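Dear colleague,

Please find below the structure that I am handing over to you, together with its sequence. My findings follow after it.

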Amino acid sequence: MTQTGPLPEIDETNRHFWTGGAEGELRFLRCQDCGHYVHPPRPRCASCWGERVEPEAVSGDAVVQTFTINHQPWLPGMEVPFVVAIVELPEQAGLRLTTGVIDCAPEDVHIGMPVRVTFEQHDDVFMPFFRPAERPAERPADRPGEGA
Ligand SMILES: [Zn+2]
């Protein structure tokens with residue numbers, strides 16, 4: 001039995017996005033003139049209309065904006081149910097990805113949840129998924145009256 005998954009088609013405009021995971025990098029096109037991230041990939045900056053857009057890695061952090069629980073596998077072998085989420089990246093307001101949230105129970109996903117990118121390789125494609133981010137270490141509050 002041959003199963004063909006709905007893998008994205010890689011072309012010159014999106015190769016950076018689907019293969020950045022080979023180096024552990026989530027990459028978006030970024031305008032070299034004004035710094036605006038351009039996603040989905042376009043040959044021109046949506047902000048200043050400049051043509052110097054180049055792939056750049058982002059931090060890989062994101063926050064869940066909304067999500068649904070999906071019972072259909074996107075790819076052969078994917079376990080269901082899984083969470084399909086829209087996540088927003090801190091690099092730019094409105095820079096969002098539709099992705100899967102993995103490595104946690106669907107009922108544990110919530111809006112505002114910090115997540116971090118992780119990649120699953122399928123053939124030449126590195127699918128970016130997101131998993132719960134580790135909680136930032138809690139810092140003790142600064143105590144007044146100390147120092148100097
Ligand atoms: Zn620009």
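**Contacts and the nonpolar core**

Beyond its neighbours within four places in sequence, Ala85 is in contact with Val64, Thr66, Phe67, Thr99, Val101, Val109 and Phe130; two residues are in contact if their C-beta atoms, placed from the backbone, lie within 7 Å. Please note that this is a predicted model, in which local features need pLDDT of at least 70, side-chain atom pairs count only at pLDDT 80 or more, and totals for chains, interfaces and linings use all residues. Residues are numbered from 1 along each chain as its sequence is written.

Ala85 also belongs to the largest nonpolar core, which has 27 residues; Val64, Ala85, Val87, Val101 and Phe130 are those with the most contacts inside it. A nonpolar core is a set of buried Ala, Val, Leu, Ile, Met, Phe, Trp, Tyr and Cys residues joined through C-beta atoms within 7 Å. A residue is buried if 20 or more other C-beta atoms lie within 10 Å of its own, exposed if 12 or fewer, and partly exposed in between, with C-beta atoms placed from the backbone. At least two residues of this core are supplied by each of helix H1 (15-19) and strands E1 (27-31), E4 (61-70), E5 (82-88), E6 (96-101), E7 (114-122) and E8 (125-132). Helices (H or I, at least four residues) and strands (E, at least two) are DSSP runs, numbered from the N terminus. E8 gives the largest share of the core, four residues. In soluble globular proteins, nonpolar side chains tend to be buried together.

**The three-stranded sheet**

E2, E1 and E3 form an open sheet in the order E2-E1-E3, with antiparallel pairing; two strands pair if DSSP finds at least two bridges between them. E2 and E3 are the edge strands, each pairing on one side only. Between E1 and E3, the antiparallel pairing runs over five bridges, and Leu29 stands opposite Pro55 in E3.

**Backbone features in the loops**

The loop between strand E2 (37-38) and strand E3 (53-57) contains Pro40, which is joined to His39 by a cis peptide bond with omega of about 0°. Trp49 is found in the loop between E2 and E3 as well. Although Trp49 is not a glycine, its phi is positive, about 70°. Trp49 counts as exposed because it has 10 C-beta neighbours inside 10 Å.

Asp103, in the loop between E6 and E7, is another residue other than glycine with a positive phi, near 65°. Asp103 has 11 other C-beta atoms within 10 Å and is therefore exposed.

Yours sincerely
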